[in-house]
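Hi there,

Here is the structure I promised to pass on. Have a look at it first, then read my notes below.

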Amino acid sequence: MLGTLLIGFFVAVLVVQAYINAEFKNDHVETEVGDQAGVPLAIRGGGPIINTTGGQESTSRLPDRTIALTFDDGPDPEWTPKILKVLRDNDAHGTFFVVGSQVARNPEMTKKIVDDGNELGVHTFTHPNMQRLAPWRRQLELSQTQVAIARATGVKTNLARFPYSSKNAAIDDVNWGLVKEAGKHGYLVVVNDLDSEDWQRPGADKIVAGSTPAGDSSAVILFHDAGGERSQTVAALAKFIPMMKARGYRFTTVTEGLNLSIAEQAANAGNDRAENATAITALPLNPDAPKHDEWRGLALIWTVRLADGLVTVIATLFVVVGLLTIGRTALLLLLATRHARQRRKPNWSWGPPVTEPVSVIVPAYNEKEGIEAAVRSLATGDYPEIEVVVVDDGSTDGTADLVERMGLPNVRVVRVPNGGKPNALNTGVALARHDLIVTVDGDTIFEDDSIRRLVQPFADPSVGAVAGNVKVGNRASMVALWQHIEYVIGFNLDRRLYETMNCMPTVPGAIGAFRREALAQVGGVSDETLAEDTDVTMAMCRAGWRVVYEENAKAWTEAPTTLEQLYRQRYRWSYGTMQAMWKHRQSIFDSGPSGRFGRVGLPFLALFGVALPMLAPVVDIMLIYGLVFWELSETLVAWLGMLTLQMFTAAVAFRFDRESLRPLLRLPLQQFAYRQLMYLVLLQSATTAMTGGRLRWHKLNRAGLVARTPAPDPIGPGGNVAPAVDQWPPIQPDWTPAPRTPTGRAVAPPVVPTQAMPYEYFPDELPHAGSPPAGGSGPVRAG
């Protein structure tokens, strides 16, 4: 719901931003003048002030030797103040035809125009070509500018000038209809006598020449105080105004000049000129605006500010995402490539071959679809001595019975009441006979040499845990194929980077190996987070153990096949990872290996594991926004540049893993879909964490990677049933860890703290990994 509301809010604000952010264009785009048959000759040959209010059709000129300076497209925070200064210095006033969106962005500057004795006029809200708008939109362009002016200055205006209009002679039937429509709303439409053509920036002298009226005639002259660089306009005005005053000209606003014309007509009512003129009541300069318009203007101004601010934030985030993506790519190419090359040298070795016996722990809850294939792949591997311990965590689908019926000599089944995956793992570790521990999910299939390859890094005594190479086994569906791409790029390539930086955050539950001593030192697998694999790995890094990645130890897992299942899985992963990061936050202030992990590993994980996926949808927001409202080519170039970078990184990752590049044809769609999915997942995870909400365990629907053998009749009451273990820790007095100090880590590593926050944050009744959807017994805590 929160995600939907945020998306709706973003869309609404971006639509507002797209509306108000129309780009300025030259007011003198040459267009063909259409049919003028419906335009009265008196209008086409009349003065620049056109009055169609009350059904009349008349024009007015200013008195002789009177100039009205008019400025379009402002207010502008840079050029409008400079023009105002020139006017003040020369004791002149002007009429500023303002754009409503610019008024909303610069209300203080708009008020300054009025306070200096100048006049305002409406130049529409977004500077569109009014001929191409529907009637309701044309009215909105005028009314929204009025309310913005009202809020900024407390006044209103009776003057309007349409973008791309010029002189009376250019008014055709279409434009005449717009003029009459504006008159119905009470506006006098102002065109111009002379165009300074300052929008072409021809130089100050040419601007002055183009603005100079012939003889003693009056003129409404067009200038611009925004829409581009206006230094030539400022320089031309500083020269033009004194020059014309020296010739006996006066400078007025449009309304002041119109009132002077009205007064002159009244004084000369007996001459022929007055007989052809229509009397107009004197108009007030900058009349007071209604209070309700001021309140509407307040809402409008804040809406514009919000839209501008949001787009600025999104654009900033886009840059941040781009920098993070580029930075991550650079690190991956540098460090992960070095890791891959080092491991593939002919003389590379972890040390003497490791042949110590291995115990494989398989925690299982309702895994009947895949448990047989998983156990068989483990028990029949090519390693010299393998013990498989299947810990049935209160399954209700006969998982334990299926394993027992397989009759494999090196496989044991232990039944425990449902207590969650950490409890099952700890039980299996306690009952295991050997010091090298491999943990496997119940739906995962190992290759014949996976265990042998997985434990070879233990030849280095500083290695406490090894992460294997997880592969997606069911790649038929689109969702599963997307996960295959993600596993190769986002997991396996990243693990090369994390190992090089010595801050591996997660040994995957699907294929991981641990020293018993390392597990014992960190207190076993914690049940305080939903990401028990991440939690225990972080604890080992803090304790000074090396955690490495073995690319050749491969395990094939069954990925979720629907978006719903994928969402639930990633929600649990993300929430659990956030829990683990919060639990180990104290390491930031520690010294030694713990402090190094806290100051390198945690920020790196927060930046690239949380922040970047949460911000990544910004790329798609900017793509859609740009395609609709910005330059199409520039937007596509930026987005394709990001995609090319991701494709290159993906190709490198697939080449390292010796995978076919064909799935990368689906990468653009995968990236687009995953960004939105992970955004919602992380948003919900963060919300759950901040509110202390509980997360239910959702068991994924499994189909199995290989066909399951038919099950025989159920075992009767007297059948061969594995012993039940209902306490933790199970007692196994014949094992005592040998005292030793691994090289490459601190002799006395800092103690890993328990959960620092009160249990109210993660309630005791919080379901754990492996707990059934309908409940079951609560978590079993050590001690």
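**A helix pair and a sheet**

Helix 19 makes a right-handed crossing with helix 20 (right-handed means the near helix is turned clockwise from the far one by less than a right angle, left-handed anticlockwise). Helices here are DSSP runs of H or I with at least four residues, strands are E runs of at least two, and both are numbered from the N terminus.

One thing before going on: this is a predicted model, where local features need pLDDT of at least 70 and side-chain atom pairs count only at pLDDT 80 or more, while totals for chains, interfaces and linings use all residues. Residues are numbered from 1 along each chain as its sequence is written, and side-chain values use heavy atoms, with hydrogens and water left out.

On the helix 19 side, Thr534, Asp535 and Met538 touch Thr577, Ala580, Met581 and Lys583 of helix 20 (contact means heavy atoms within 4.5 Å).

Eight strands make an open, mixed sheet, ordered 13-12-11-14-17-16-18-15 (two strands pair if DSSP finds at least two bridges between them). Strand 13 (411-416) and strand 15 (445-446) are at the edges with a single partner strand each, so one side of each has no neighbour in the sheet. Eight bridges join strand 16 (residues 463-472) to strand 18 (residues 546-557) in the parallel sense. In that pairing, valine 463 sits opposite arginine 546 of strand 18.

Happy browsing!
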